[in-house]
Amino acid sequence: VKLLVEMLEPYKGRIYDGCCGSGGMFVQSEKFVEEHAGKIGDVSIYGQESNPTTVKLAKMNLAIRGIDANIQFGDTFTNDLHKDLRADFIMANPPFNISDWKGEQLRDDIRWKYGVPPVGNANYAWLQHFISKLAPNGTAGIVLANGSMNSNTGGEGEIRKNMIDARLVDCMVALPAQLFYNTMIPACLWFLAKNKTNGKFRNRENEILFIDARKLGRLINRRNRELEYEEITMISET
């Protein structure tokens, strides 16, 4: 989460997470804005979560920090409750490789501009959902399973090719294994940009930056690895 926030720099604008859990991304963003002497009022926060208990946790998590947020309860795929939102920043850590995302009901959804995601895996549904939510100059950082970078099942390779051809993929970060407490699946970060010539940075329209961070981090116990502050800084400055 820290790495995503450091790379996206969400100082100002609308921040969205369509699978916001207990609100960890938002809390980190606010901390980031505060640390960089920004004004908390400069960001507005929108989230959705399908677990009713977790929604309550998210609302509480944000309320006790005095953060004003629009958090909705519902299934993001079948009942998108922020239909008209176009976000400046999207930060999300969707559940990896979910097979029961009701994909068979959504074959004709307008969000699938780059190809219909396979019924048995929601990874490319999440990516395309987030693309549909970006403002014209918006950027997104999404944590996904490593397999999302080279999978070809159910037309995923074709969707990925179409996203690359559309100049949407800005940066890919391969992360070290054992970063998560709840899964041993190695993960990567997808950074998507609606406009890679947006004037904020140099024109990188025909480029994708690949960062291999697999050897970074240190083991804090036998099961878990943690990225050091200096490593997060090194990656985000790159």
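Thr139 belongs to strand β5, which spans residues 134–145, in what is a predicted model. With a relative accessible area of 11%, Thr139 falls under the 20% limit for burial and therefore counts as buried. Neighbours within four places in sequence aside, Thr139 is in contact with Leu8, Asp88, Phe89, Ile90, Leu134, Leu192 and Ala193.

Strand β5 takes its place in an open sheet of eight strands, whose order is β3-β2-β1-β4-β5-β7-β6-β8 and whose pairing is mixed. The edges are formed by β3 (69–73) and β8 (209–212), and because each of these has a single partner strand, one side of each is left without a neighbour in the sheet. From one strand to the next the twist averages 15 degrees. Within the sheet, β1 (residues 13–17) pairs with β2 (residues 43–49) in the parallel sense, over five bridges, and Tyr16 has Tyr46 of β2 as its bridge partner. Helix α2 (residues 24–35) lies across β1, β2, β3 and β4 (87–92), and runs at about 165 degrees to β2.

**Nonpolar cores**

The largest nonpolar core comprises 36 residues, among which Val173 and Leu189 have the most contacts inside it. Helix α2 supplies the largest share of this core, namely five residues. When neighbours within four places in sequence are set aside, the residues in contact with Val173 are Met7, Cys188, Leu189, Phe191, Ile211, Ala213 and Ile235.

**Helix α5**

Which residues of helix α5 (residues 156–165) are buried? They are Glu156, Gly157, Ile159, Arg160 and Met163. These residues lie on the same side of α5, because they cover an arc of only 160 degrees around the axis. In an α-helix there are 3.6 residues a turn, so residues three or four places apart point the same way. The buried residues of α5 pack against α4 (123–132), β6 (169–174) and β7 (187–193). After α5 comes Arg167, whose phi is positive, near 60 degrees.

**Aromatic pairs**

The structure holds seven aromatic pairs, and two of them are set out below.

| Pair | Geometry | Centre to centre | Angle between planes |
|---|---|---|---|
| Trp101 and Trp112 | edge-to-face | 5.8 Å | 80 degrees |
| Trp126 and Phe130 | stacked | 5.8 Å | 15 degrees |

Trp101 and Trp112 both lie in the loop between β4 and α4, so their pair ties together parts that are eleven residues apart in sequence; both of these tryptophans are buried. Trp126 and Phe130, by contrast, lie in helix α4, where they are four residues apart, about one turn of the helix. Trp126 and Phe130 are likewise both buried.

How are these rings connected to others? One aromatic cluster is formed by Tyr16, Phe77, Trp101, Trp112, Trp126 and Phe130.

Conventions:
Residues numbered from 1 in each chain as written. Predicted model: local features only at pLDDT ≥ 70, side-chain atom pairs only at ≥ 80, totals over all residues. Heavy atoms only, no water. Buried < 20%, exposed > 50% of the residue type's maximum accessible area, 1.4 Å probe, protein only. Helix = DSSP H or I, 4+ residues; strand = E, 2+ residues; numbered from the N terminus. Arc of directions from axis to C-beta. Contact = heavy atoms within 4.5 Å. Pairing = 2+ DSSP bridges. Axes fitted to C-alpha atoms, helices over the stretch in contact; angles between N-to-C directions. Core = buried A, V, L, I, M, F, W, Y, C linked by side-chain atoms within 4.5 Å. Phe/Tyr/Trp six-rings, centres within 6.5 Å; stacked < 30°, edge-to-face > 60°.
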